[in-house]
Structure formats: structure tokens, C-alpha cells
Amino acid sequence: MPTDTTATDKHPAGIFDIRTIVGVLLAIYGVILLATGLFGDTQEDKTGGVNANLWAGIAMLAVGVGFLVWVRVRPIVVPDHVEQATEPGHMDKR
């Protein structure tokens, strides 16, 4: 009875997915801005009465979490093994 090996030949990209890196960085910067907006000097006189750090931190945190959710919901699947090209002029010297 033949088994389907295609399911075991692939794995998710994980930490190497660019969405993971962008999501983590946005979330970290969002937390820093959120904390600055909550506990730091709001300088509302310079921003027209708006706590810009607070709102920018909330937005960056939301986008970062959105990226991380996107990675979990739709992971990129990469093959475990990639075959070498066999074209003439290929630079593979073994």
C-alpha cells in the first residue's frame, strides 16, 4: 500500500518567514510607543492635543499582531529537499 510522502517532505517556514520578523518588530516597537504614551511626557501641545505615542503604539501593536496571526493562519510551506539544477553552465562543481 503506497503512502503519501508529500506531507512529510514539507515544513512551515517558521521564524524565517518575513511576516514573522516584521510582525515581531512592529509589536515590539508598538509596545515601546504604547508604554511611552501611557507613562511618558505626552507633549500634547506639539501634536494638537493628541497623544501621538499612544495612538501610534496602539496602531503598530495591532498591525504587528495582525502579521503574527496571518503567519499562523496561512503558513508558508517549504520543501525539505530542493533538487539541484542540471542545466548546462550550472556552477555545481563536486
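This is a guided tour of the structure above, moving from the whole chain to a few selected residues.

Before you select anything, note that this is a predicted model, in which local features need pLDDT of at least 70 and side-chain atom pairs count only at pLDDT 80 or more, while totals for chains, interfaces and linings use all residues. Residues are numbered from 1 along each chain as its sequence is written, and side-chain values use heavy atoms, with hydrogens and water left out.

**The whole chain**

Helices here are DSSP runs of H or I with at least four residues, strands are runs of E with at least two, and both are numbered from the N terminus.

Next, colour the chain by pLDDT, the predictor's confidence in each residue on a scale from 0 to 100. The mean pLDDT of the protein chain is 82, and 77% of its residues reach 70 or more. Among the elements, helix α1 has the highest mean, at 96, whereas strand β1 (residues 10-12) has the lowest, at 71.

Now switch to a surface view, which shows an accessible surface of about 7600 Å², with 66% of it belonging to carbon and sulfur atoms; such areas come from the Shrake-Rupley method with a 1.4 Å probe, and for residues only the protein chains shown count as cover. Of the 94 residues, 14% count as buried, where buried means under 20% relative accessible area, exposed means over 50%, and partly exposed lies in between (1.4 Å probe, protein chains only).

**Helix α1 and its patch**

Select Ile18, Ile21, Val22, Val24, Leu25, Ile28, Tyr29, Ile32 and Leu68, which make a nonpolar surface patch of about 750 Å². Patches are made of residues with over 30% relative accessible area and no salt bridge, with nonpolar side chains (Val, Leu, Ile, Met, Phe, Trp, Tyr) joined within 5 Å and like charges within 9 Å. Helix α1 (residues 18-39) gives the largest share of this patch, eight residues. Val24 lies in helix α1, and Val24 counts as partly exposed because its relative accessibility is 36%.

**The salt bridge**

Move to Asp17, which is found in the loop between β1 and α1. The side chains of Asp17 and Arg19 meet in a salt bridge, at 2.6 Å from N to O, and a search of the whole structure finds one salt bridge. The term stands for a side-chain nitrogen of Lys or Arg within 4 Å of a carboxyl oxygen of Asp or Glu. Asp17 counts as buried because its relative accessibility is 5%, and Arg19 counts as buried at 8%. Leaving aside neighbours within four places in sequence, Asp17 is in contact (heavy atoms within 4.5 Å) with Val71 and Ile76.

**The loop and helix α2**

Go on to Val50, placed in the loop between α1 and α2 (52-73). Val50 counts as partly exposed, with 40% relative accessibility, and, not counting residues up to four places away in sequence, Val50 touches Glu44 and Trp55.

Finally, select Ile58 in helix α2, a residue that counts as partly exposed at 37% relative accessibility. If you draw a line from C-alpha to C-alpha between Ile58 and Gly37, the two are 9.6 Å apart in space and 21 residues apart in sequence.
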